[in-house]
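Student: Please take one part of this model and look at it closely. Give me its surroundings too.

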Amino acid sequence: MDNVIATGLIGISLGSQYALLALGFTLIFGILGVVNFAHGGFYVMGGYVAYYCSVVLGLPFPVAVLAAAIATAALGWLFETIILERVIEDHQATLMVTMGFYLVMATAILLLFGPESPEFSFPITGVWRAGGAYVPYANMVVIGVCLAAIVSVYWLIYRSGIGRAMRAMAEDRAVASALGMRTRALFPFAFALATGLAGLTGALVTPILALAPHVGDPVLAFSFLTVILGGLGSVAGATVAAFIVGMVEAYAAVYLGGSKGALALFVLVLLILVVRPQGLLGREVRRA
Amino acid sequence: MSAHPTHPDALRADSMSKAFGGLKVFHDVSFTLPPAGLLGVIGPNGAGKTTMINIMSGRLPLSSGRVLLGNARIDGRPVYANAAQGLVRSFQHTATFAGASVGDNLTAALRFAKRDRSVLERLAPLLDRFGLIECWGRHAEVLPYGLQKMLGLTMALATQPKMLLLDEPAAGLEKSERANIDAYVGFAQREFGCGILLVEHDMDLIRRLCPQVIVLDGGRLIAAGPPGEVLSRKDVIDAYLGGADEEDCDAQHS
Amino acid sequence: MSEEAAITRLPQARRPGLLGGYEWATLCVVGLAFAVPVLTRNPQILSQTNLILIAATASLGVYIMLRMDLMSFAVPAFMATGGYTVALLSLRLGVTDAILLGVAAFVMPALCAIPLGWLILRLKGVYFVLVTFVLTEIVQLLLFEATPLTGGSNGLVGMPAVTLFGIELMDNSQVLLTTAGLAFAGFAITALFTRSFRYEFAAIEKNDVLAESLGLACWRYKALAFSVAAGVSGLAGFALVNMLLTAHPTSFAPMSSVTYITYTIVGGKGAILGTLAGAALLVTATDLFALKGELSPGLFGLLIIVVTLLARGGLIGLAAKAVGRLRRASPGAPARVAPITAVPARGMKS
């Protein structure tokens with residue numbers, strides 16, 4: 001029983017990380033209509049910026065994490081304004097440029113830091129025990145930060161003026177423009193917010209899991225998974241899906257071993273597409 | 001509302017309702033278009049007319065109610081299935097294939113509707129009148145708006161439909177070009193025995209062509225009958241108060 | 001309505017050729033590949049030509065779907081299906097005839113693509129991107145996990161040489177001939193397929209809502225194209241496995257899907273010649289500049305961005321524009337009437 005609970009706690013920990021990643025990805029997809037192929041790149045970048053700040057520059061870890069989030073948000077903002085904005089109406093083109101950008105980012109990181117995994121570990125070690133269940137302090141911090149970030153993002157999107165504007169833009173860009181909302185300024189903001197979230201997650205998670213130039217690759221597959229499961233453009237759906245994925249992965253890793261968890265998830269996705277293609281909370285998906 | 005005797009091959013809307021989330025687009029709309037009949041649909045902007053065509057052609061699902069073609073229920077069926085049954089719609093904004101010539105556009109229409117070239121030959125007088133034969137080899141997207149519009153309409157006709165749903169065919173046309181719509185509608189009814197649902201803002205056109213008209217306002221059907229009668233009703237005029245159509249009517253009378 | 005008694009004549013319908021200009025040109029170029037092993041024994045050149053042909057054929061899987069504005073990441077998955085099918089047939093069942101294996105390499109992925117196509121091609125286009133990407137990841141995982149069948153992380157090693165009419169095709173030149181044969185088949189199939197359905201594909205790409213409202217069941221054509229694309233990718237997988245004499249998961253890595261897309265986009269997604277041009281250019285460039293494997297993704301990324309922002313039609317598109325400018329005759333001449341070609345254009349797409 002303790003094993004079940006312990007695994008469940010790992011699942012929640014994973015789920016919160018995934019939720020933060022999924023949130024950023026779904027934000028961009030829902031509001032800009034863009035499949036951000038570079039999402040994993042910002043995640044890795046966040047990890048390396050945090051590593052650089054805390055290990056090479058010797059700054060305290062929270063500062064490093066903040067720096068990572070700001071750096072990725074800034075890069076995201078620049079990318080959106082300079083490159084993405086030019087092709088934003090064209091779905092295929094946006095996929096292409098984000099894809100190209102991811103390749104450039106991954107190669108740049110490789111050139112700057114080399115292919116080996118740097119020494120980067122979470123500053124807080126130790127484990128919290130209660131009965132037979134245990135959770136590493138690191139994971140608890142991550143869960144805490146992630147939940148705080150998720151709540152803030154929700155507040156921003158659902159309760160603030162900017163959030164309302166972004167949601168209006170997601171519904172109908174043309175109408176939102178006509179109503180005077182400054183779509184030109186909001187897109188970079190939304191993009192930067194999402195990439196900042198990815199960077200934040202990278203900064204927090206890579207010291208626990210792994211930091212290397214290629215760790216961004218699986219992020220994309222997993223982001224796609226949560227989007228399909230949760231429903232395209234549904235922020236709430238993506239969050240729920242992320243936790244489901246976290247749980248499935250945790251239990252599969254413990255009880256099935258190997259990559260069976262990933263396989264199980266993929267099969268689940270295919271099933272969903274047959275039975276309920278709009279995902280958990282998505283809207284109509286037959287071609288409009 | 002006036003009742004048409006329900007002919008086996010009629011297009012019938014039965015208590016159609018559509019809502020997007022909380023937004024009600026139209027509610028409890030019912031009417032019948034008999035085969036080879038001609039029914040006008042008017043109403044101020046935002047009354048849900050284009051959505052109605054989208055639903056009847058199969059592009060959007062109904063929230064409740066039914067659409068029937070003859071005895072078969074067609075709401076929920078995919079667009080291409082309805083088109084294969086002879087229910088075809090036109091588009092308000094130009095709907096042609098860019099990068100292809102006029103000839104290729106029409107060939108594509110024939111091909112997709114599985115018709116042979118003889119249909120095109122029957123359409124030849126109409127194509128000539130609209131000026132499409134002269135620009136047979138020119139790409140559709142470089143044609144003037146009026147020509148593109150007529151090309152789109154003729155492509156719909158090339159499918160040899162039984163029921164045509166026309167979404168504001170005269171929109172954007174010069175006053176001098178509007179007579180083409182009369183010719184188009186006349187041809188469709190005469191040569192193909194086509195039933196036509198005509199959504200329009202041009203009241204003169206409606207008055208000229210449609211023996212029957214229904215009025216949608218705020219998503220509800222508020223009037224039905226011959227245009228002369230319906231257009232002089234107070235509630236219909238009120239629905240349009242302040243609308244561009246008043247200016248339109250005035251401009252055309254002056 | 002006009003009352004004239006004269007019958008209005010429609011312009012004559014032109015009989016379109018079996019294949020278009022680009023298709024014939026491409027088949028000729030691929031045909032030239034058969035001459036390479038005759039002309040030279042240089043292993044470098046043989047190997048390079050082999051790689052280019054494999055890359056170009058695989059990229060056809062991307063090209064076919066791009067004709068309908070669908071971005072496929074599934075090429076490595078179907079290459080793996082074709083390659084492993086061939087490996088299993090030759091290792092476990094002793095089948096070595098090149099033609100039989102070639103048919104199997106095409107048919108197996110094409111069949112697998114049918115249920116997938118049915119599942120995802122009736123949904124919004126973006127689902128296609130998401131699911132094909134995830135699919136390639138699944139297949140990679142399966143290849144590693146299903147050890148009894150696929151040999152797991154060792155792969156399937158020690159394949160016997162392929163034979164044609166009893167002759168073993170063993171050395172470098174003969175392997176290149178096999179690849180050339182498979183590439184030619186792949187290109188020929190693609191050319192015939194895209195040419196026969198050029199109206200449908202162009203219509204689906206340009207305005208699928210209109211096509212559907214005229215009666216075209218778009219999703220069926222998409223599904224059919226998906227199957228054909230899968231089959232052609234399978235042929236490339238066969239060629240790859242044959243060149244290496246091994247079927248290994250790393251040959252079909254998920255990120256290689258990006259590489260094949262790059263070849264197609266940079267070469268030019270508007271014409272079948274594009275995949276050949278892109279593959280030839282990029283495979284040669286990576287080799288010529290002695291770029292280590294790690295740097296080429298960055299270069300590819302830059303190229304993709306540049307092409308997408310500045311030259312949507314890729315190399316072939318640029319060349320076509322240049323030729324068009326040179327050819328420009330008197331103003332007012334009617335546009336060259338090619339049956340609806342997917343003209344690469346910037347800007348609005350629904």
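Tutor: Start with a span in chain A. Residues 91-114 of chain A are 96% helix and 0% strand, with end C-alpha atoms 34 Å apart. Helices (H or I, at least four residues) and strands (E, at least two) are DSSP runs, numbered from the N terminus. This is a predicted model: local features need pLDDT of at least 70, side-chain atom pairs count only at pLDDT 80 or more, and totals for chains, interfaces and linings use all residues. Residues are numbered from 1 along each chain as its sequence is written, while chains are lettered from A and ligands numbered from 1 in the order in which they are written. Residues 134-157 of chain A are 88% helix and 12% strand, and their end C-alpha atoms also lie 34 Å apart. An unreviewed UniProt entry lists "transmembrane region" spans in chain A, among them 91-114 and 134-157. Its positions follow the numbering used here, feature names are shortened, and annotations may be inferred rather than shown by experiment.

Now the part for the close look: the sheet of chain B. It is open and has 6 strands in the order E6-E7-E8-E3-E9-E10, with mixed pairing. Strands pair if DSSP finds at least two bridges between them. E6 (87-89) and E10 (220-225) of chain B stand at the edges with a single partner strand each, so one side of each lacks a neighbour in the sheet. The twist averages 15° from one strand to the next.

E6(B) runs parallel to E7(B) (residues 163-167), over 3 bridges. Here Arg89(B) stands opposite Leu165(B). Helix H1(B) (residues 49-57) packs on the sheet, touching E3, E6, E7, E8 and E9 of chain B. Its direction makes about 150° with that of E7(B). Axes are lines fitted to C-alpha atoms, for helices over the stretch in contact; angles run from 0 to 180 degrees between N-to-C directions. Contact means C-beta atoms, placed from the backbone, within 7 Å.

Turn to E3(B), residues 38-42. 5 of its 5 residues are buried (20 or more other C-beta atoms within 10 Å of a residue's own, C-beta atoms being placed from the backbone). Leu38(B), Gly40(B) and Ile42(B) cover one face, Leu39(B) and Val41(B) the other. E3(B) pairs in the parallel sense with E8(B) (residues 195-199) over 4 bridges. Leu39(B) stands opposite Leu197(B) there. E3(B) is also parallel to E9(B) (residues 212-217), over 4 bridges. Gly40(B) has Val213(B) as its bridge partner.

Methods. A residue is buried if 20 or more other C-beta atoms lie within 10 Å of its own, exposed if 12 or fewer, and partly exposed in between; C-beta atoms are placed from the backbone. Two residues are in contact if their C-beta atoms, placed from the backbone, lie within 7 Å.
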